[in-house]
Amino acid sequence: MNTRKLAELLIEAEESRLPVSCLTDSFPDLDVTMGYHVQDELINIRTHEGHERIAFKMGITSLAKMKQMNISEPIYGTVFDYMQLPNKGEMAIEELIHPKVEAEIAFILAEDIEGPGITGKEVLEKTAGILPAFEIIDSRYKDFKFKLFDVIADNTSASRVVFGDTVFDTGQFDMEKGRVSLFINGELQAKGTSDAVLGNPANSVAMLANMLYAHGKGKIPKGSIILTGGITEAIRLTKGDHVISAFDGIGEISFFVR
Ligand code: 0L1
Ligand code: MG
């Protein structure tokens, strides 16, 4: 298996907006480790093109989804500069394949965090603030169907992000019971509470630090932004959607799908 060729195939699918068959259809034995090798290659290609990481992301952070995929830890990926949309701005649907939106909490670190053994409590002590956020995921695989290797290789479906304009203190949002509602064109489409993310979104940042350490990738540097995982389920987007998410105590964010 040539990791470079697989990464190029996924980039080509993203750019052409033509989804591909799962890589595991051709290589059924591929595992998590190989998935991150392909993802690392994809990140190298994007970096050489001049793109910068603006955030880390954690995916599959709901215990129900983890059970469904038979995994004991979530997965992580990279959000690049070209993926960011402004709050209250527009998302061009023709740039994407079959996008879905989920509401998340993003952390901004005040200090470096390096595994192993990091806990959610330590994360909260080293956090500068939080942002309400949307993650728009868009699998490069046909019908949004994949196995674990495939989705890791595909940079965990990272596609677009929207961050709120104001940084809040961690105490301004209840990390275990904070409610989040997602409305499309005025109708409630999904809702959840913050404990949907590994019991507390801070645990997601801790897991990222521990996983990066275990994978020999060092620390999460001070100033990093981390999208911690969907509090709501992911909802399919269509042209004309006006998407608003309301977070208990920390306001609303929105975007329009054109
Ligand atoms: O939780 C997520 O950010 C999604 C990760 C990848 C799985 C998917 O595309 O549904
Ligand atoms: Mg997500």
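Q: In which loop is K88 found?
A: K88 is found in the loop between β3 (84–85) and β4 (89–91). Strands (E, at least two residues) and helices (H or I, at least four residues) are DSSP runs, numbered from the N terminus. This is a predicted model, in which local features need pLDDT of at least 70, side-chain atom pairs count only at pLDDT 80 or more, and totals for chains, interfaces and linings use all residues. Residues are numbered from 1 along each chain as its sequence is written, chains are lettered from A and ligands numbered from 1 in the order in which they are written, and side-chain values use heavy atoms, with hydrogens and water left out.

Q: Why is K88 called exposed?
A: A residue is exposed over 50% relative accessible area, buried under 20% and partly exposed in between (1.4 Å probe, protein chains only). K88 has a relative accessible area of 64%, so it is exposed.

Q: What makes the phi of K88 worth noting?
A: Most residues other than glycine have a negative phi. K88 is not a glycine, yet its phi is near 70 degrees, a positive value.

Q: Why is S157 called buried?
A: S157 has a relative accessible area of 3%, so it falls under the 20% limit and is buried. This residue lies in the loop between α6 (148–153) and β7 (158–163). S157 also has a positive phi of about 60 degrees, although it is not a glycine.

Q: How do you know that S157 makes a polar contact with ligand 1?
A: A polar contact is a pair of N or O atoms within 3.5 Å; within protein, one must be able to donate a hydrogen and the other to accept it, and residues adjacent in sequence count only if both atoms are side-chain atoms. A polar side-chain atom of S157 lies 2.7 Å from an oxygen atom of ligand 1, so the pair qualifies. Ligand 1 also has an oxygen atom 3.1 Å from a polar backbone atom of I60, and an oxygen atom 2.9 Å from a polar side-chain atom of E102.

Q: Which residues are around ligand 1?
A: A residue is counted if one of its heavy atoms lies within 4 Å of the molecule. Those around ligand 1 are K57, G59, I60, E102, E135, I137, F144, F146, V151, T156 and S157.

Q: Why is S139 called buried?
A: S139 has a relative accessible area of 0%, so it is buried. Its place is in the loop between β6 and α6. A polar atom of the S139 side chain lies 3.0 Å from the backbone nitrogen of Y141.

Q: Is E252 buried or exposed?
A: E252 has a relative accessible area of 54%, so it is exposed. E252 lies in strand β13 (residues 251–257).
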